[in-house]
Amino acid sequence: FLKISKLALAFAIIHSKPAGQSCREYIEHLARAASEPEQGWKSRAEALEAEVLRLRQELLLHKICPRFCLENDASAKTLVDQECTIPTSSSSQLEDSGCDVSSECAFDSFGAASALHQPARDGGASKPWLERALPLNLCSPSREESLAAPVQFLQHLLEIRQLSEGGILQADFAELEKDSSAVCHSVSCLLEGLTVFYSQPAFPFSGFLTEAVGVLVSVLTDTKLSNHVLKKCFRKLEEFEKSLIQIILRASSVNRFQALHAIAHTLVLLARNNLLRKSLISLLLPEVRQVAEQLLQAHQLQAEWDITQYENIFPLCMVLEQLLQKEAEGSKVSSSECDEGGRSRFLEDLDRVVLRLSDEFPLFSICLWRVSVLLN
């Protein structure tokens with residue numbers, strides 16, 4: 001019966017097709033017409049899911065501290081109005097340059113980037129989070145709008161933490177023990193949005209992106225919030241680290257170096273969390289070793305090698321060196337807790353590799369040697 005029905009439908013389509021249009025074109029037209037309502041329902045479902053998440057966020061905030069939501073509505077509205085009327089200064093943002101890195105985002109000898117992602121340290125540094133951080137900005141481009149809701153919610157949580165520790169507000173964070181899904185879902189949305197931003201970097205980087213990264217790092221280093229986030233979002237955080245590493249390695253535009261250093265600095269900020277630092281070191285070691293082996297093979301065979309990948313590996317080497325240096329200075333994550341297998345594979349026959357690469361690639365050889373010293 002099913003085969004007969006399909007055959008009858010096919011004949012009906014053929015007989016009803018307009019003149020001057022092939023059967024394939026007509027079927028494709030019908031398929032598009034049939035999929036339009038489905039796309040509409042999909043968009044509506046996504047909007048409803050976002051609304052449900054927003055309500056769950058508001059409910060959690062109200063459970064933790066009922067006074068907070070009521071007291072900050074007026075100030076949040078004022079900040080939205082100010083954000084829509086006051087233009088954002090970009091004098092300190094990344095400039096278009098293919099060969100130079102400004103002093104504001106240069107790495108020091110251990111790969112430490114500038115305060116590109118650091119909060120302002122002017123007189124407003126002592127103000128509460130909500131007064132320093134960007135609220136839900138209805139004037140932002142669509143890409144930023146997708147991040148506004150999770151950023152604002154996480155800012156509110158951090159604000160409650162700060163005010164409760166100062167004794168200004170009474171907050172009950174035991175509610176997080178009962179249900180932390182809203183926090184974890186918000187972090188997941190923020191990670192997805194940041195991946196899109198970094199995959200298609202635009203100059204200058206917006207202050208909103210800087211603020212979003214700062215909020216994420218604050219959540220990951222907060223003693224009460226980080227445990228809940230790491231329990232449910234550790235795999236997504238690892239995937240975010242992997243995505244940033246691949247974005248750095250695959251970048252090929254001429255004016256990419258400042259963006260690469262900014263992304264590398266984001267990795268350094270994420271590594272302020274001990275577990276994420278351990279994970280990041282384990283991810284970086286094989287990538288650096290793989291590039292070294294490719295360069296050695298190309299040198300031995302006198303073959304061509306990818307100069308773009310060679311240039312892109314240096315920000316990752318700087319990140320790796322900085323993380324290992326921090327670990328050597330007394331990190332909570334001891335060397336015995338880190339991936340000993342990854343360390344052993346990296347150090348295996350490394351002296352021979354460095355020796356053979358030292359003439360052709362002296363700078364990269366120095367980087368390998370410094371990393372090996374820190375690993376040992």
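Buried means under 20% relative accessible area, exposed means over 50%, and partly exposed is what lies in between. Keep those cut-offs in mind. Glu293, at 42% relative accessibility, therefore counts as partly exposed. I will come back to that residue. One caution before we go on: this is a predicted model.

Start with the whole chain. There are 15 helices and 0 strands. The chain has 376 residues, and 42% of them are buried. The accessible surface comes to about 20,600 Å². Carbon and sulfur atoms account for 55% of that surface. Now contacts. Take those with a sequence separation of 6 or more: 78% of them join residues 24 or more positions apart.

Next, salt bridges. How many does the structure hold? The count is 10. I will walk through some of them.

Back to Glu293. Its side chain meets that of Arg289 in a salt bridge, 3.1 Å from N to O. Both residues sit in helix α11, 4 residues apart, so about one helical turn separates them. The two ends differ in cover. Glu293 is partly exposed at 42%. Arg289 has a relative accessible area of 11%, under the 20% cut-off, so Arg289 is buried.

Now helix α5, residues 142-165. Glu165 forms a salt bridge with Arg161. The closest N and O atoms are 2.9 Å apart. Again the spacing is 4 residues, which means about one helical turn between Glu165 and Arg161. Glu165 is exposed, at 59% relative accessible area. Arg161 is buried, at 5%.

Arg161 has another partner. Its side chain also meets Asp222 in a salt bridge, at 3.0 Å from N to O. Which parts of the chain does this pair tie together? Asp222 lies in the loop between α8 and α9, and Arg161 lies in helix α5, so the bridge links parts that are 61 residues apart in sequence. Is Asp222 buried or exposed? Asp222 is buried, with a relative accessible area of 10%. To recap, Arg161 pairs with Glu165 and with Asp222.

One more item on charges. Glu51, Arg54 and Glu58 are linked in a network of salt bridges.

Let us stay with α8 and α9, on either side of that loop. Two packed helices are described by the angle between their axes and the distance between the axes. For α8 and α9, the axes come within 10 Å. They cross at roughly 130°. Roughly parallel is under 35 degrees, roughly antiparallel is over 145, roughly perpendicular is 65 to 115, and the rest is oblique. The helices α8 and α9 are therefore oblique to each other. Which residues meet there? From α8 we have Leu216, Val219, Leu220 and Thr221. From α9 we have Ser226, Val229, Leu237 and Phe240.

On to backbone angles. Two residues are worth a look in your viewer. Gln302 has a phi near 55°. That is a positive value in a residue other than glycine. Gln302 is in the loop between α11 and α12, which cover residues 274-301 and 307-328. With a relative accessible area of 65%, over the 50% cut-off, Gln302 is exposed.

Asp349 also has a positive phi, about 60°, and is not a glycine. Where is Asp349 found? In the loop between α13, residues 340-347, and α14, residues 350-357. Its relative accessibility is 39%, so Asp349 counts as partly exposed.

Ser372 lies in helix α15, residues 362-375. Leaving aside residues up to four places away in sequence, Ser372 touches Leu347 and Leu350. Ser372 is buried, with a relative accessible area of 7%.

Last stop, the surface. Leu7, Phe11 and Ile14 form a nonpolar patch there. Together they have about 290 Å² of accessible area. Ile14 belongs to helix α1, residues 2-16. At 41% relative accessibility, Ile14 counts as partly exposed.

That is the tour. Questions are welcome.

How values were computed: Residues are numbered from 1 along each chain as its sequence is written. This is a predicted model: local features need pLDDT of at least 70, side-chain atom pairs count only at pLDDT 80 or more; totals for chains, interfaces and linings use all residues. Side-chain values use heavy atoms; hydrogens and water are left out. Helices (H or I, at least four residues) and strands (E, at least two) are DSSP runs, numbered from the N terminus. Buried means under 20% relative accessible area, exposed over 50%, partly exposed in between (1.4 Å probe, protein chains only). Contact means heavy atoms within 4.5 Å. Patches are made of residues with over 30% relative accessible area and no salt bridge: like charges are joined within 9 Å, nonpolar side chains (Val, Leu, Ile, Met, Phe, Trp, Tyr) within 5 Å. Accessible areas come from the Shrake-Rupley method with a 1.4 Å probe; for residues, only the protein chains shown count as cover. A salt bridge is a side-chain nitrogen of Lys or Arg within 4 Å of a carboxyl oxygen of Asp or Glu. Axes are lines fitted to C-alpha atoms, for helices over the stretch in contact, and angles run from 0 to 180 degrees between N-to-C directions.
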